[in-house]
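Me: Can you walk me through this chain? I am new to reading structures.

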Amino acid sequence: MADFKQLELDEDLATGRSSRSDKKFDTTVGHIEDIIMEEKFQSMQHDFKEKYYQHFTDEEENKLIYMDIFKEYVSLVENYIEEELKKRISGFSMEEFSKSLESRQDQIGGDIFEMLMSFTDFLTFKEMFLEYKSEKEGTGMDFSDLLTITSSGTSPSDEHHRMQVDPESPREGPSSSR
C-alpha cells in the first residue's frame with residue numbers, strides 16, 4: 001500500500017513539473033511571438049535586411065561576407081529578444097530556453113520556428129535575404145499578368161464585366177473570341 005501511495009506522489013510531482021515546464025515554455029514562446037510582431041522588432045529586422053540585401057545572390061556558392069552578416073544578424077536579434085524576454089519573464093535564462101527548444105521544436109508555429117531557425121540555420125537566413133531582395137527589386141514571381149481586369153459597367157448581371165484569367169493568352173490580354 002505504501003508503494004502505491006508513493007507511486008501516486010511521484011506521478012503528481014512529475015505531472016506538476018511537466019505542466020510548469022510546459023507552461024513556462026508556452027509563455028516564453030508567446031512572448032517571442034509578441035516581440036517579433038512588434039513594430040520595433042519589425043523595423044530592426046527590416047533595417048538590417050535593407051542594409052545588406054544587395055550583397056546576396058541566388059548562386060550555389062556563398063560569398064565570404066555572408067557569414068559576417070549572418071553572425072551580426074544572430075547577435076543583434078538574439079540579444080534583442082533575450083533582453084525583451086528578461087524584461088517580461090522574471091529569471092529568464094536563454095540557455096535554459098534553448099535547451100528546452102531543442103526537444104520541443106514540434107510545439108512551435110511555423111512562422112516562429114522559421115524565424116528562430118534564421119538564427120541558427122544559415123540556409124534559412126540566406127533564403128530570407130534572397131526573398132527580401134526579390135521583393136525589393138521586383139524580380140519575384142509576378143502573377144498579375146495572368147489576370148484580365150475589365151470595367152464592371154452598370155449592370156452587375158453582365159457576365160463579360162468581371163476579373164478573369166485568360167487561359168489562351170495570359171500576357172496579351174483578353175482573347176478576341178470573347
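Reply: What follows goes from the overall layout to a few single residues. This is a predicted model, where local features need pLDDT of at least 70 and side-chain atom pairs count only at pLDDT 80 or more, while totals for chains, interfaces and linings use all residues. Residues are numbered from 1 along each chain as its sequence is written, and side-chain values use heavy atoms, with hydrogens and water left out.

Me: OK. How many helices and strands are there in the chain?
Reply: The chain has 6 helices and 2 strands. Both kinds are DSSP runs numbered from the N terminus: helices are H or I with at least four residues, strands are E with at least two. Read from the N terminus, the order is α-α-α-α-α-α-β-β.

Me: What share of the residues is buried?
Reply: 29% of the 178 residues. Buried means under 20% relative accessible area, exposed means over 50%, and partly exposed is in between, using a 1.4 Å probe and protein chains only.

Me: Which residues have the most contacts inside the largest nonpolar core?
Reply: F41, I81, F125 and F129, in a core of 36 residues. At least two core residues come from each of α1 (2-37), α2 (39-52), α3 (64-88), α4 (94-103), α5 (110-120) and α6 (122-137). The largest share is from α3, with 9 residues. A nonpolar core is a set of buried Ala, Val, Leu, Ile, Met, Phe, Trp, Tyr and Cys residues joined through side-chain atoms within 4.5 Å.

Me: Why would they group like that?
Reply: In soluble globular proteins, nonpolar side chains tend to be buried together.

Me: Next topic. How do α2 and α3 run relative to each other?
Reply: Their axes come within 12 Å and cross at roughly 170 degrees, so α2 and α3 are roughly antiparallel. Axes are lines fitted to C-alpha atoms, for helices over the stretch in contact, and angles run from 0 to 180 degrees between N-to-C directions. Under 35 degrees counts as roughly parallel, over 145 as roughly antiparallel, 65 to 115 as roughly perpendicular, and the rest as oblique.

Me: And α2 with α6: what is the angle there?
Reply: About 80 degrees, with the axes of α2 and α6 10 Å apart, so these two helices are roughly perpendicular. On the α2 side, Q45, H46, F48, K49, E50 and Y52 meet M128, F129, Y132 and K136 in α6. Contact means heavy atoms within 4.5 Å.

Me: F48 and F129 are both in that list. How are their rings arranged?
Reply: The ring centres are 6.2 Å apart and the planes are at 70 degrees, so F48 and F129 form an edge-to-face pair. Rings of Phe, Tyr and Trp (its six-membered ring) pair if their centres lie within 6.5 Å; planes under 30 degrees apart are stacked, over 60 edge-to-face, and the rest tilted. F48 is in α2 and F129 in α6, so the pair ties together parts 81 residues apart in sequence.

Me: Are these two buried or exposed?
Reply: F48 and F129 are buried. They also belong to one aromatic cluster with Y52, F56, Y66, F70, Y73, F122 and F125.

Me: Last one: where is T57 found?
Reply: T57 is in the loop between α2 and α3. It is buried, with a relative accessible area of 19%. Not counting residues up to four places away in sequence, T57 touches K63, Y66, K126, L130 and K133.
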